[in-house]
Amino acid sequence: MMPDTTRQADFDPDVPEDFDSPHAMFKDLRRRCPVAYSEAMGGFWAVTKYADIVRVLTDWQTFTTTIQNVVPRVATTQRRPPLHLDPPGNVPYRNAITRLMTPSKLKPWRARIEKEVDQLLAPLLERGEGDICRDFSFILPIAVLADFFRLPADNARRIRIVGSEFNMALQRRDDENVRKYSDELYCLARDLIEDRKVRPQDPEIDPISSLLAVRIDGEALPDAMILGALRQFLMVGIVAPTTFIGSAVVHLARHPEHHTLLKSDESLIPDAVEEMLRLYTPYRGFARTARRDVQFGDKLVREGDVVAAVFTSGNRDEDVFNDPDEFDLNRRKRDLLTFGRGPHMCPGAPLARLLLEVAIEGIVRRTRRIEIAGEITMTNWPEYGPLAVPIRIIP
Ligand code: HEM
């Protein structure tokens, strides 16, 4: 067969979506057109099959992250390692936080996250209703990350406000405010770095001091890159847990039998979170740019084309997962793409998993049933998941 060098508009990523429709769209694309082109958002290929996603993420010599790494492209311009550097450049920045994510270093975090979850859930439980996104999942990850990065109280308050405004601006594709709040995050990161230079902390527990302590051939990392890395660390871990917790609560409301099961046996919660991370994968638009022409079946991806690895689709690929749309706690294979794959695979995954487990455990433990009490508002590319889930709580 001759290669298809024409770019047809295979799908429209801008169609209005509901909680289920993206999964139906990706199922259709996996069957009909697994490497699909869209002219929207500057033009990009959506790679929807598990094996192709792994190929894009692991062949970093062909698919670089240095040009565009998210669809749609974010309005800010500066370079933020590790995500914006190909290996081996990204490695020292990753190592600065992975060394703080060992099981023993994360152990004390369970109790700290539990406390935060309790405080946030208390008013919701008292009222018996609210919005799990606005009242809980927009706040919890920022609070935990502020704590993890050991922000002083006034900076933590600032990042809670700026972080959630930035998050909302991203979701609304409001470029002007994305730039404005990104600049504020840069200022905040700059202040923190200056503070640590004057008052160094233990690099074995403090991520900023850990970044400052990195030496390559005796040289510290460049100041501008340390700044970019901290700016990335402060935000990259916030968006996904925000929408994911909303999805998990929609699942519990739709499946009261799963809610009851998890309540009766909390030891199932880690497996349940993994299965929900597969079903409701919060990132779908992390991207690479092709460095040369590459053939995918009958599709020719040209040098310079942007390729989105649609994790949300790959995690429901019927070639990899039996009955992929089913919530199955006994899955033998649960090799998730949720945290990516290859040289940029999420270094924050251990903290993220702990945060999500504690959050879902807190919700399940303190409620008997949850009902959806209004319209679910959804995010769009590059994420998947709700921005608003009005709920009624049966305590
Ligand atoms: C549910 C929560 C999370 C999800 C689903 C998630 C997912 C991901 C994914 C898919 C990537 C790879 C992107 C790519 O290959 O282009 C990534 C990278 C990254 N994540 Fe996460 N993440 C989460 C939470 C966190 C947290 C809590 C942190 C920090 C404490 C974090 C820090 C990072 C960093 C620094 C990178 C870039 C790594 C590199 O480029 O080498 N993430 N994440």
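Among contacts in the protein between residues at least 6 apart in sequence, 72% join residues at least 24 apart; two residues are in contact if their C-beta atoms, placed from the backbone, lie within 7 Å. The structure is a predicted model, in which local features need pLDDT of at least 70 and side-chain atom pairs count only at pLDDT 80 or more, while totals for chains, interfaces and linings use all residues. Residues are numbered from 1 along each chain as its sequence is written.

The protein contains 15 helices and 14 strands; helices (H or I, at least four residues) and strands (E, at least two) are DSSP runs, numbered from the N terminus. The radius of gyration of the protein is 21 Å, close to the 21 Å that the globule rule gives for 395 residues, so the protein is as compact as a globular protein of that length. Here the radius of gyration is taken over C-alpha atoms, and the globule rule is 2.2 Å times the number of residues to the power 0.38. The C-alpha trace spans about 65 × 55 × 40 Å along its principal axes.

Of the 395 residues in the protein, 45% are buried. A residue is buried if 20 or more other C-beta atoms lie within 10 Å of its own, exposed if 12 or fewer, and partly exposed in between, with C-beta atoms placed from the backbone. In soluble globular proteins, nonpolar side chains tend to be buried together. The largest nonpolar core holds 104 residues, of which Trp 45, Val 47, Leu 230, Val 249, Val 307, Ala 308 and Ala 309 touch the most other members. Its largest share, 17 residues, comes from α11. Such a core is a set of buried Ala, Val, Leu, Ile, Met, Phe, Trp, Tyr and Cys residues joined through C-beta atoms within 7 Å. Not counting residues up to four places away in sequence, Ala 309 touches Val 47, Ile 53, Val 56, Leu 57, Phe 286 and Ala 287.

Ile 53, Val 56 and Leu 57 are among the buried residues of helix α2 (residues 50-58), which also include Tyr 50 and Asp 52. Seen down the axis of α2, these buried residues fall within an arc of 165°, so they line one face of the helix; the arc is that of the directions from the helix axis to the C-beta atoms. In helix α3 (residues 91-98), the buried residues are Tyr 93, Arg 94, Ala 96 and Ile 97. They cover an arc of only 155° around the axis, which puts them on the same side of α3. The elements that cover the buried residues of α3 include α10 (207-213) and α11.

The ligand is surrounded by 26 residues, the closest being Pro 82, Gly 237, Gly 340, Cys 346 and Gly 348; a residue is near a molecule or strand if its C-beta atom, placed from the backbone, lies within 6 Å of it. Two or more residues of this shell are given by each of α11 (223-254) and α15 (349-366). The largest share, 7 residues, comes from α11. By class, the shell has 17 nonpolar, 8 polar and 1 charged residues, where Ala, Val, Leu, Ile, Met, Phe, Trp, Tyr, Cys and Pro count as nonpolar, Asp, Glu, Lys and Arg as charged, and the others, Gly among them, as polar.

Several backbone features lie in loops. The peptide bond from Val 71 to Pro 72 is cis, with omega near -5°, and the bond from Pro 87 to Pro 88 is cis, with omega near 5°. Pro 72 is found in the loop between β3 (63-64) and α3, and Pro 88 is likewise in the loop between β3 and α3. Met 41, a residue other than glycine, has a positive phi, near 55°. Met 41 is placed in the loop between β1 (35-38) and β2 (44-47) and is partly exposed, with 19 other C-beta atoms within 10 Å. Arg 150 has a positive phi of about 55° although it is not a glycine; its place is in the loop between α7 (140-148) and α8 (153-172).

Val 294 lies in strand β8 (residues 294-296) and is buried, with 20 other C-beta atoms within 10 Å. Val 294 and Thr 62 are 232 residues apart in sequence, yet 8.5 Å apart in space, C-alpha to C-alpha.
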